[in-house]
Amino acid sequence: MENQKKTVIITGGGQVLLDNGRPGAIGYGIACAFAKAGWNIVITGRNKQKLYDAKESLEKEYGVSVLCVPADIEYGQDNEKVVQNVIDQTIDQFKEIHGLVNCAQASASGVPFEQQTLEQFNLAIYSGLYATFFYMKAAYPYLKKTKGSIVNFGSGAALFGNAGQSSYAAAKEGIRGLSRVAATEWAKDGINVNIICPLAWTKQLEQFKTNYPEAYEKNVHMPPCGYYGDPMNDIGEACVTLMSDSLKYMTGETITLEGGLGQRP
């Protein structure tokens, strides 16, 4: 039966495609990977059309059930209420939550630190760090019940201090700190929490190259493996694996999934 399948919530999961028809956003690539694995999918995001396009494609191609819940975490609104609505609709339709992937993130990348405005800083912090906080907190009781898993997204831009990405880096490092604390506190509940810092070729990266060529040239480099990651096969499949029973013992870890660029001591 449908409610016996595992259910995952993926923030920022709307459909974005590259010119070749492949997934062109990490969130959508993750949704494709979980759909391929047979999970029930809940996708959120600010663009309703992208969500409904994703639902249509995923259900048609993989035969899974997809719930779309438009949701945007931003300054000046009741964000807890927005997130709780996502959780409530998920439980109403699928009864349980087994996984949470916090992928949504907006930012004004390419802007020098001294030129960052408060509005730009809030954009990054609310869409990324606050969103992750609210979703983790609201999903906790359900993940405790299923001994589920969380995958949050950091960034090599924060790990290595990329120029022009101060607010983005602040949000991403906040997410990593939040994740490590949760990994420590929630391990007793059977919930594991890990972080991925990805590098994949996306529409957003294409736009970054066009709009901020100098920042792109400084910060984006071809990985040693010789290609940029695929949002579904390289990043999405890793998320599915991190939520498998075989990796329950791993928690609080940061995985630099960058084709060899993210090597750390």
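A residue is called buried when its relative accessible area is under 20%, exposed when it is over 50%, and partly exposed in between. The model discussed here is predicted.

**Salt bridges**

The model holds nine salt bridges. One of them joins K144 to D189, with 3.9 Å between the closest N and O atoms. This bridge links distant parts of the chain, since 45 residues separate the partners. K144 belongs to helix 4 (residues 118–146), while D189 lies in the loop between helix 6 (166–186) and strand 6 (192–198). Because its relative accessibility is 41%, K144 falls in the partly exposed class. D189, by contrast, is buried, because its relative accessibility is 7%.

D189 also takes part in a salt bridge with K188, at 3.7 Å from N to O. K188 has a relative accessible area of 67% and is therefore exposed.

A further salt bridge is formed by E173 and R176, whose closest N and O atoms are 2.8 Å apart. Both residues are in helix 6, and because they are three residues apart, about one helical turn separates them. E173 is partly exposed, with a relative accessible area of 31%, and R176 is buried, with a value of 11%.

| Pair | Closest N and O atoms |
|---|---|
| K144 and D189 | 3.9 Å |
| E173 and R176 | 2.8 Å |

Salt bridges also link D19, K203 and E206 into a network.

**Packing of helix 1 and helix 9**

Helix 1 (residues 26–36) packs with helix 9 (residues 231–242) at an angle of about 60°, and the two axes are 8 Å apart. Their crossing is right-handed. On the side of helix 1, the contact is made by I26, G29, I30, C32, A33, F34 and K36. Helix 9 contributes P231, M232, I235, G236, E237, C239 and V240. Sorted by class, the contact comprises ten nonpolar, two polar and two charged residues.

**Aromatic pairs**

Seven aromatic pairs are counted in the model. In one of them, the ring centres of Y75 and Y126 are 5.7 Å apart and the ring planes stand at 80°, so the pair is edge-to-face. Y75 is exposed, at 60% relative accessibility, whereas Y126 is buried, at 15%.

W201 and Y228 form another aromatic pair, which is tilted, with 5.3 Å from centre to centre and 35° between the planes. These residues are 27 residues apart, and their pair likewise links distant parts of the chain. W201 is located in the loop between strand 6 and helix 7 (203–211), and Y228 in the loop between helix 8 (213–219) and helix 9. W201 counts as partly exposed, at 23% relative accessibility, and Y228 as buried, at 18%.

Finally, ring pairs join Y75, Y126, Y130, F133 and F134 into a cluster.

Technical notes. Residues are numbered from 1 along each chain as its sequence is written. This is a predicted model: local features need pLDDT of at least 70, side-chain atom pairs count only at pLDDT 80 or more; totals for chains, interfaces and linings use all residues. Side-chain values use heavy atoms; hydrogens and water are left out. A salt bridge is a side-chain nitrogen of Lys or Arg within 4 Å of a carboxyl oxygen of Asp or Glu. Helices (H or I, at least four residues) and strands (E, at least two) are DSSP runs, numbered from the N terminus. Buried means under 20% relative accessible area, exposed over 50%, partly exposed in between (1.4 Å probe, protein chains only). Axes are lines fitted to C-alpha atoms, for helices over the stretch in contact, and angles run from 0 to 180 degrees between N-to-C directions. A crossing is left-handed if the near helix is turned anticlockwise from the far one by less than a right angle, and right-handed if clockwise. Contact means heavy atoms within 4.5 Å. Ala, Val, Leu, Ile, Met, Phe, Trp, Tyr, Cys and Pro count as nonpolar, Asp, Glu, Lys and Arg as charged, and the others, Gly among them, as polar. Rings of Phe, Tyr and Trp (its six-membered ring) pair if their centres lie within 6.5 Å; planes under 30 degrees apart count as stacked, over 60 as edge-to-face and the rest as tilted.
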